[in-house]
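Here is a short note to read beside the model. Take the points one at a time and find each one on screen.

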Amino acid sequence: MSKSMEQIVALCKRRGFIFQSSEIYGGIQGFWDYGPLGTELKRNVRDAWYHDMVTMHDDISVPPGAPRAFSMVGLETSIIMHPQVWKCSGHYDLFSDMMQSCRQCKKLFRADHVWDMLRETPWVESFGELFNGNGSVNTPLSDDPIAFSTDEALQWAKNRRQGRRLAPGLALVRNPEGTMAGLTADLEAAPETHLTLPTLLMYMATEKKDVTGLQLPCPNCGGDLTEPRQFNLMFETHTGALHNDENKAFLRPETAQGMFVNFKNVLDSSRVRFPFGIAQIGKSFRNEITPRNFTFRSREFEQMEMEFFCHPEESLDWYRYWRDRRFKWYTDLGIASDNLILRDHDAEELAHYSLGTADVEYAFPFMQPGEYGELEGIAHRGDFDLRSHAEGKLTKDEEGCLVIEQNEHGQPKYRGSGKDLTYFDDQTRERFLPHVIEPAAGADRATLAFICEAYNEDEQPDDKGEMQTRTFMKLHPKLAPVKAAVFPLVRKEGMPEKAAELYRGLKAAGIAAFYDQQGAIGRRYRRQDEAGTPWCITIDGDTMSDGTVTIRDRDTLAQDRVPFDDVVSELQKRLRG
């Protein structure tokens with residue numbers, strides 16, 4: 001079935017999965033709050049990741065596909081770290097995006113997102129209908145020639161319900177005849193020119209082409225955008241009472257650096273077996289220029305990262321192992337493999353330190369058909385991070401080798417800690433600087449992907465036997481916020497008391513349960529279907545006579561009679577899979 005983000009966002013609000021932060025004050029862009037169901041769902045996603053990485057890891061056995069046995073520990077580091085951490089890691093100088101601002105409405109946009117945003121904006125949709133007859137949102141801006149009409153464009157620009165309302169900053173709207181004159185002159189000079197919609201949009205945003213050249217239009221108002229410029233994504237703050245450069249600090253943009261700077265602490269304090277991983281879940285902050293697509297790109301988000309330290313000669317084998325294992329984690333929790341890809345980065349995409357990177361990507365409903373959005377990156381980081389924090393900020397020389405970056409005086413631009421971050425293998429008597437493999441997942445993106453994947457609709461009869469559309473969240477039972485809902489069929493004949501007994505028994509066994517005795521049984525089922533509850537248990541007249549209950553399956557709608565005393569063990573068995 002086709003799914004739209006509008007349907008999914010509406011369900012998230014209706015059922016209490018996700019809310020806009022500070023909504024009663026109009027909200028704040030790029031920040032989201034998780035409601036009662038969303039809090040439990042996201043916690044289950046985090047727990048599933050940590051359970052897989054740390055809690056259930058067997059240090060003395062070789063996992064399937066792994067080169068050999070390894071150790072795994074957890075860590076929780078602070079959000080604010082010493083500023084030198086970010087200077088040596090490269091974030092202080094390099095953690096930036098190219099930004100453009102609109103000269104008319106003053107809004108900021110990430111340069112590499114502008115055309116994607118233009119595809120979705122109402123004024124481009126409206127304007128494009130004039131020439132290609134295709135006004136659907138999310139339609140790519142094609143390079144196919146269009147049939148251009150000056151009169152239609154001018155009429156659109158002057159119409160109060162079209163150009164003047166939708167794109168007040170567009171040059172065509174502000175100065176229709178002057179803007180059109182530039183295009184007309186070019187077409188007369190080169191009559192063989194075939195106009196495309198993207199080129200036409202740039203002409204329509206350009207008031208003085210002979211002075212400025214063609215301008216890129218603003219997705220918000222149609223105004224002309226500035227040239228791209230660097231914009232650092234780290235949030236600044238200050239420690240202590242004085243707000244000066246000496247006390248400047250940053251909210252961490254990633255959790256990884258906390259694990260790198262604690263490498264020696266973990267090594268010295270824990271009897272970890274090399275190779276080993278350090279796993280961490282925590283908040284990160286990035287001042288995104290254009291947060292968008294619901295929770296996919298936010299300014300405050302939660303990461304689930306692991307840094308795996310290994311011998312350089314084994315690093316490629318470990319990279320392949322973690323690459324495949326992380327892809328499998330998503331399919332094991334219910335995401336269809338048809339909606340996932342494992343994409344290797346091209347050479348030009350790789351970070352300057354990376355020896356290889358692959359992304360687990362998901363076909364989010366807001367993507368174009370055939371396109372995917374990143375869920376998790378698995379990077380082979382070499383020895384870049386440990387070297388950086390030992391020696392200082394690194395850069396590549398002319399031969400492509402990592403060397404310490406120098407300032408104008410020939411000294412290290414940012415000095416490292418000076419600590420020895422090598423590892424000594426007392427079995428082989430070898431000392432080396434470990435390589436690092438980093439699987440970095442987003443808890444919020446993973447939660448969003450599970451929500452999108454789970455959203456389903458089918459046709460089922462209502463209480464009167466009439467077919468109705470049923471919306472249900474096909475969440476994996478391990479992720480479902482509520483595992484079982486308990487209903488007394490009616491509020492008499494001892495059924496509520498028996499249902500309450502079962503409800504308390506489920507809670508005592510650690511199974512998230514919900515009790516509901518309000519409304520018709522069919523409506524109670526529908527509410528739980530939208531919440532993603534896998535099983536609904538009904539206490540009815542037969543329960544009082546033969547001691548059995550009905551367990552209804554969310555996905556198949558099958559109803560099984562199970563002895564009352566066996567319900568807890570039955571659900572525990574189902575949850576184990």
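1. H1 and H17 are roughly perpendicular to each other. Keep in mind that this is a predicted model. The axes of helix H1 (residues 5–15) and helix H17 (residues 443–454) cross at roughly 110°.

2. Which residues of H1 and H17 meet? From H1 come Met-5, Ile-8 and Cys-12. From H17 come Leu-448, Ile-451 and Cys-452. Sorted by class, this contact of H1 with H17 has 6 nonpolar residues. It has no polar and no charged residues.

**A sheet of three strands**

3. Now turn to the strands. An open sheet is formed by 3 strands, in the order E5-E4-E6. The pairing is antiparallel. Strand E5 (108–110) and strand E6 (229–232) are the edge strands, and each pairs on one side only. Neighbouring strands of this sheet are turned against each other by 50° on average, with direction ignored.

4. Start with strand E4 (residues 96–101) and E5. They pair in the antiparallel sense, over 3 bridges. Where is the bridge partner of Met-99 in E5? It is Arg-110. Ser-101 stands opposite Leu-108, also a residue of E5.

5. E4 and E5 form a hairpin, with 6 residues between them. Look at Lys-106 in the turn. Its phi is positive, at about 70°.

6. How many bridges join E4 to E6? There are 4, and E4 and E6 run antiparallel. Ser-96 stands opposite Asn-232 in E6.

**A charged residue inside**

7. Find Asp-385 in helix H16 (residues 384–391). Is Asp-385 buried or exposed? Asp-385 has a relative accessible area of 2%. Buried means under 20%, so Asp-385 counts as buried.

8. What does the side chain of Asp-385 make a polar contact with? The partner is the side chain of Arg-381, at 2.6 Å. Next, leave aside the neighbours of Asp-385 within four places in sequence. Asp-385 is then in contact with Gln-257 and Phe-260.

Notes
Residues numbered from 1 in each chain as written. Predicted model: local features only at pLDDT ≥ 70, side-chain atom pairs only at ≥ 80, totals over all residues. Heavy atoms only, no water. Pairing = 2+ DSSP bridges. Helix = DSSP H or I, 4+ residues; strand = E, 2+ residues; numbered from the N terminus. Axes fitted to C-alpha atoms, helices over the stretch in contact; angles between N-to-C directions. Parallel < 35°, antiparallel > 145°, perpendicular 65-115°, else oblique. Contact = heavy atoms within 4.5 Å. Nonpolar A, V, L, I, M, F, W, Y, C, P; charged D, E, K, R; others polar. Buried < 20%, exposed > 50% of the residue type's maximum accessible area, 1.4 Å probe, protein only. Polar contact = N/O pair within 3.5 Å; in protein donor to acceptor, adjacent residues only side chain to side chain.
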